Amino acid sequence: MVGKSIPRVDAYEKVTGRAKFTDDLILNRALVAKVLHSTIGNGIVTSIDTSEAEALPGVVKVVTFKDVPDHCYPTPGHPWSVEPAHQDIADRNILTGRIRYYGDDIAAVVAEDEVTASRALKLIKVEYEEYPVEIHPRKSMYGSNPPIHFDKKDNVLARSNFFIGNVDEGLEQSDTVVKRSYKTSIVQHCHIENPISFAYMEKGRIVVVTSTQIPHIVRRVIGQALGIPWGRVRVIKPYIGGGFGNKQDVLYEPLNAFLTTQVGGRPVKLEVSREETFCNTRTRHSIEYDLTAGVDKEGHLLAKDMKAYSSQGAYASHGHAIAANGLTAWRLQYACPNTRGEAYTIYTNTPTAGAMRAYGIPQAAFAIECLMDDVAAEIHTDPLEFRRKNLIQGYYEDAYLKPIAANTNGIFQCLEKGAEYIHWDEKRKEYADQTGSVRRGIGMSLFSYKTGVWPISLEIAGARLSMNQDGSVQLQIGATEIGQGADTVFSQMAAETLHMDVENVHIVTVQDTDVTPFDTGAYASRQSFVTGTAVKQCAEQLLQKILDYAKTLLPEQETRELSLDHGWIYAGEEQVLSLEALAQEAYYSLSNSSVLTAEVSTQVKKNTIATGCCFAEVEVDMKLGTIQILNIINVHDSGKLLNPQLAQMQVHGGMSMGMGYGLSEQLVLDEKTGRPLNGNLLDYKLMTALDTPDIKADFVELDDPMGPYGNKALGEPPAIPGAPAIRNAVLHATGVAFNEIPLAPQRLIEGFKKAGLI
Amino acid sequence: MYDIENYYNASTIEEAVRLLKEHPDTRVISGGSDVLIKIREGKMAGTSLVSIRDIKELNGITKKENGDIYIGAGTTFSHITNDPVIQENIPVLGEAVDQVGGPQIRNIGTIGGNICNGAVSADSAPTVFSLNALLRIEDGNNGRTVPIRDFYLGPGRVDLKRGEILTHVIIPAKEYQGYHGNYIKYSMRKAMDIATLSCSVVSKVNTEKNILEDVRITFGVAAPVPFRCEKTEAALKGQEISEKLYEMTEQSIRQEINPRDSWRASREFRMQIGGEIAKRALKRTIELAGGDRK
């Protein structure tokens, strides 16, 4: 079953519209909540008058920052830590009078309907005292008065560094030293379904149904935010319309939970608009890099140095984990005796940055892979050859975080496939000396990516299997299907280990913290690896129980070995008992009934590195400032594929994100206020189908010993290598090195003009 | 849920005019692809609407005996693109409105709404300007007919008084017969976008003499209203068709247009693109006419 392209187990439900999403489940006569956002970027609320809003017919309740608990809570979707030093930063209130970015949440209205709630918002009168706004991290890190958060005087949320060898000496010994600065933009996840939840009370407890990747974490954070025992909170996660990390954060669930307590437990719906999703949920961190690399005469890396400045926005959310992940990537994959890195994460008066697909690596990989091309250009070496010369073959491990290691390493095979597909050698030559204003080029980039978060954070997953009367099984997991196909591959895994047809594995897609086994959720490309380990273990336990029970029913087979295969118990080679008959006995035997179930809660203390690359061929029309992608391929080493067709889909989606990141996507902020200028799907240039070229995905399948089925990370990596590959292809086509993404038309025109090409 | 106070549905032009006069706080809605967005954004929240969607006389395209083409203001973009009269006589207009948003918008959005909305980025506008269209406006009495160029007053403002309804866009025969057109929409993506800059060129070529006999160049988003490049047109008329003509076009356009600087695109950027797309559009019209065969 594992390794086959079976159809998604949720395909028919989703395609026919039967799958129930949060909005489909909202209870009749639910009230509607809307949030009042600040119209300044930094300051305090000096007065707020809600009397007119409260007087509007249909308004049930207005709450302001004065009404919410005054302690702070953390929001990121990390496993909680029992060690205070490793706990997430708690810097947010449910509503606030201290405005830290344009759009901060001041008050909320609960009304009988949406129009009334919107009208009421307009009737709330707010006065502010304004402070200067700072949207640039490298300015903000010199402090502000007052600081954005009182306990971080210099606005630096965190700083970390590492070093291997002696970088300064290495640079001195180098024959060529290249220094460059690179910058990535703020982008947004743009999942189809905006964040939505509804909350109500039942028997003194709060129930929140929400579109989230992390139901068990949402439960904990609601408990923390409201200051109530966590067991008093129940979180239900139905089908969700994408998350990409934005929903790996606790967003408006605590506010919604609080609001239902303020209206006597009546159901309250809180759905944010697309504009609010851009401004008020999470974004991808914009990171500025200063990189230096030194190479010897033969083109071997002798030293490399990274300085990273990550713009956090107004609240900590996932915070420094993003920039720190980039530091880790900086010391992996390339062989270099002297490597150093230092990263700062800095509060700014901008929308809060959080988790987004590949968690800081698209930023780092953009900088690193641009640098590798720039070094290659500087020493007149083919960029692919340069990489081959410096990449580590085979096993390697991280110098700091054990046991992170490339237990399998298919990067060279990936490069070979990619180069062959794009006709690297021929086209590098063919496009070498072009004239005219329309030119072509090819470029590439690569990456490494961890599988899950161990040992930086806890990895734990739960699974439960119970056998039905007909011999089929129910599979329950705490990990979440968020569109990536998790339910399908978990079903395949259970079927594989139980030697049964996947049709006989009935997966429960809804997570309900009252009944679902504990699992921290969908992120870090962890589920098929970590939860997969739990599912395998659980299935093995159930299999053993089935065989043990079979022994009690088949005393005459005492001397033969029993096995299970597709609905039958075999004794040796002989079919002796149907699984259905066995199940019937287990349920109803008057002498020996015991329903066969297995449940595990599994901690996984493993990690393994996935890798891959992108090759792109572009045509640049310099006078129009446009880039057309003629060919593009990602090749991934993600271990054994659990479902090749789903893997292809993962890669297609990620490549689309990578191309948008490289070419067109950027949340533009007003310099003076930090207000998003293009926080909607018209002005934020997410690629459409017509902008998307044919996409090619390929794989190198190595059997990784750490993965439960030989598999390693695939969910996030496809989004990583596209942007630098495109940038490097444009460099090849035109000779112009663009060091900031996106390569949008205006940036291109300015670059080509500066280079005297147009 | 949209914040709409009252909704009146008119089934004839007379009824629409009467409703608009009776209820001075109303706005006209046809396809709704602009109005509903503004209501959702809060700019028109709480408004009352008079719908003209069900007025049959506003739908469809007819070619009169004298060759004039009448396009009902309520005709959707999709219908215009697929209409045989348009395809045969003024394909450039069908191509231009086929670049609006996406299929869903083109199935609901109307040319009348596109024009009356007064947006300088409207995809129909530059071509309608280059075709010297006339607008037929009814008011319950005698109505009036105005040239499109006099209709746009400023960003989002058009010459339409309370109780007036645009009923037809008229393309007179003499304005399109013998002409070829090309519309280039420059936007940041290939669908679901509004123009950063747009240019429609309509030209008449004397292929025997190899000269450009007549040319009309209109820009969207280069000024507060759609903008005819009269100086360039005058300079190009009668010129020989050659590489020099295209270079001249590019230079002259950059002298003439006056685009704004905004976060969406800088003035300098728009100047670069403006010269380039005018040149490319002109070249295409000349190719369509069978000129420039070298």
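Chain A is split into domain 1 (11-131 + 195-271), domain 2 (371-451 + 608-754) and domain 3 (460-603); these bounds come from an automatic or database domain assignment. Between domain 1 of chain A and domain 2 of chain A, the C-alpha centres are 37 Å apart.

Some ground rules. This is a predicted model, where local features need pLDDT of at least 70 and side-chain atom pairs count only at pLDDT 80 or more, while totals for chains, interfaces and linings use all residues. Residues are numbered from 1 along each chain as its sequence is written, and chains are lettered from A and ligands numbered from 1 in the order in which they are written.

Now the core. The largest nonpolar core has 311 residues, and A:Ala108, A:Ala494, A:Phe615 and A:Ile726 touch the most other members. By nonpolar core I mean a set of buried Ala, Val, Leu, Ile, Met, Phe, Trp, Tyr and Cys residues joined through C-beta atoms within 7 Å. Buried means 20 or more other C-beta atoms within 10 Å of the residue's own, exposed means 12 or fewer, and partly exposed is in between, with C-beta atoms placed from the backbone. Helix H10 (residues 361-378) of chain A gives this core its largest share, 11 residues. Helices (H or I, at least four residues) and strands (E, at least two) are DSSP runs, numbered from the N terminus.

Take A:Ala494. Apart from neighbours within four places in sequence, its contacts are A:Leu465, A:Val473, A:Leu475, A:Val505, A:Val535 and A:Ala539. Contact here means C-beta atoms, placed from the backbone, within 7 Å.

Next, a sheet. Chain A has an open sheet of 8 strands in the order S3-S5-S1-S12-S9-S10-S11-S22, with mixed pairing. Strands pair if DSSP finds at least two bridges between them. Why is one side of strand S3 (59-64) and of strand S22 (511-512) of chain A left without a neighbour in the sheet? Both stand at the edges, each with a single partner strand. S3(A) pairs with strand S5 (residues 105-111) of chain A in the antiparallel sense, over 5 bridges. Within that pair, A:Lys61 has A:Val110 in S5(A) as its bridge partner.

Helix H7 (residues 253-262) of chain A packs on this sheet, and its direction makes about 35° with that of S9(A). Helix H6 (residues 215-226) of chain A lies across strand S10 (205-210), strand S11 (233-237) and S22 of chain A, at about 150° to S11(A). Axes are lines fitted to C-alpha atoms, for helices over the stretch in contact, and angles run from 0 to 180 degrees between N-to-C directions.

On to the second chain. In chain B, 4 of the 5 residues of strand S6 (residues 134-138) are buried. S6(B) pairs antiparallel with strand S7 (residues 144-147) of chain B over 4 bridges. Their hairpin has 5 residues between the strands, and there B:Gly140 has a positive phi near 90°.

Last, some backbone details in chain A. The peptide bond between A:Asn145 and A:Pro146 is cis, with omega about -5°. Another cis peptide bond joins A:Ile741 and A:Pro742, with omega about 5°.

How values were computed. Contact = placed C-beta atoms within 7 Å.
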